[in-house]
Amino acid sequence: MSKTNRVSLADLGFAITIPDGWRRITHSMWSPAYPAMHYTISKDDWEQADYELTCSRQAAIRQSSQSAAKAIEQELAQAYSRFAHSDTKLGGHDAVRLDCTDAFGAPEYMRHYCLEHNGHLMKLRFLSTSRSAHESMIDAMAGSIELGDPATECALGELALPDYAPAALECVIVGAIMAHETREELSGRHLLASLVRGDSGIAASILRSLGVTVERLGIHPWTEDDAESDFDMQEIRVSPAVFSLLTHVVPRYARETIRSHHVLLGILSKENASGGCELLEDLGVGPYESRAAVAKRISQERDTSCAFCSFCHKPQLDVTHLFPSAFSHICDECVAACKTLAGDGQPGEGVMRRYSGPEKKDVFTGCGHCGAKSDLFTAPHESYFVCGACVAQMSAIAP
């Protein structure tokens, strides 16, 4: 380690010291698994060993560092027979170290670190074909790690994970290029425009059906020919608001794979501080219309990762309670609006209103929870109904 090269890897989220003479082979952002650095160590033109460093991060912490280490051990149990766990520090943060101490086959030595950082679960893997030659070097490299700040990290590094479907990944890449071409910081406005521009993905068809176009958003319709030849995706920096949108808000809506309509739901979310939603309102497309279009399309796609209120169409994650039934769902906010209507007859916040019309021909005109056909409340589209008795019961659960 007497001769070293300090490398800052924005897309991996940390800086690390690389020994001199370790020749970098690949660094693939678009790896099918996760970003990786692959090195060979050579002396006198003779390759002594392969060395690989990989880092994967879950967009939101779903398990503890200890649980992550145990999951890795279970996954590798077929190839490795002995493991050693230890509590340690990595970049000044508490971490769990997992060493595969007895391998049945190559690689000869592998070490993992699991830790929580910036709201993510990070899993780092050091791999070498020569333990005796490189264990001390790996110790030194791990000791040199400095973890990044989310405000300066490259958001595209997060999207290199397979959690993002191609259409969703394309949205962020094209949005980043749009921002770069106009010398602007990546924002929700660019992401929204790139969703509209997309040739694939549910979000593009939803926005087009609402009359939203790139031109109406005030953004030049970017094409691949507009991109500068020296444009480096690794140099894209995003604000904390956009970083939070892409790595915390959007992933909440997806059970597994993040698709383009999950990105759109993130832009529409009240937790999105990067902009975009107000542009739709300026075009006369309110949040209600946008969410209704998303809910309708997702139901057609049979995407069960998102549940919506049948009345205001807010996703389950955007409300405190969602009361389900076989025919319809209603959120606590719509229940509260119905309670206000039942109390003084004055409409409160939201879209709910009393229904006193005749029985509809092609729609079940009754409470979707108990079947009652009197004292009903509905929303503007009058496709679903809830009765006062059910509202009272739900109000007791979610006051």
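Modeller: The second largest pocket holds about 430 Å³ of space (a pocket is an open set of points on a 1 Å grid over the protein atoms alone where a 1.4 Å probe fits, with protein on both sides within 12 Å along at least five of seven lines; its volume is the space filled by probe spheres set on the points, which are joined across faces, edges and corners). This is a predicted model, in which local features need pLDDT of at least 70 and side-chain atom pairs pLDDT 80 or more, while totals for chains, interfaces and linings use all residues. Residues are numbered from 1 along each chain as its sequence is written, and side-chain values use heavy atoms, without hydrogens and water.

The pocket has 21 lining residues (those with an atom within 4 Å of a point), and Ala 295, Ser 299, Phe 308, Ser 310 and Tyr 384 lie nearest its centre. Nine of the lining residues are nonpolar, nine polar and three charged (Ala, Val, Leu, Ile, Met, Phe, Trp, Tyr, Cys and Pro count as nonpolar, Asp, Glu, Lys and Arg as charged, the others, Gly among them, as polar).

As for the helices (DSSP runs of H or I, at least four residues, numbered from the N terminus), α8 (residues 260–268) and α10 (residues 287–301) have axes that come within 11 Å and cross at roughly 155° (axes are lines fitted to C-alpha atoms over the stretch in contact; angles run from 0 to 180 degrees between N-to-C directions). The pair is therefore roughly antiparallel (over 145 degrees). His 261, Leu 264, Leu 265 and Leu 268 of α8 meet Ser 290, Arg 291, Val 294 and Ile 298 of α10 (contact: heavy atoms within 4.5 Å).

Conventions
Helix = DSSP H or I, 4+ residues; strand = E, 2+ residues; numbered from the N terminus. Parallel < 35°, antiparallel > 145°, perpendicular 65-115°, else oblique.
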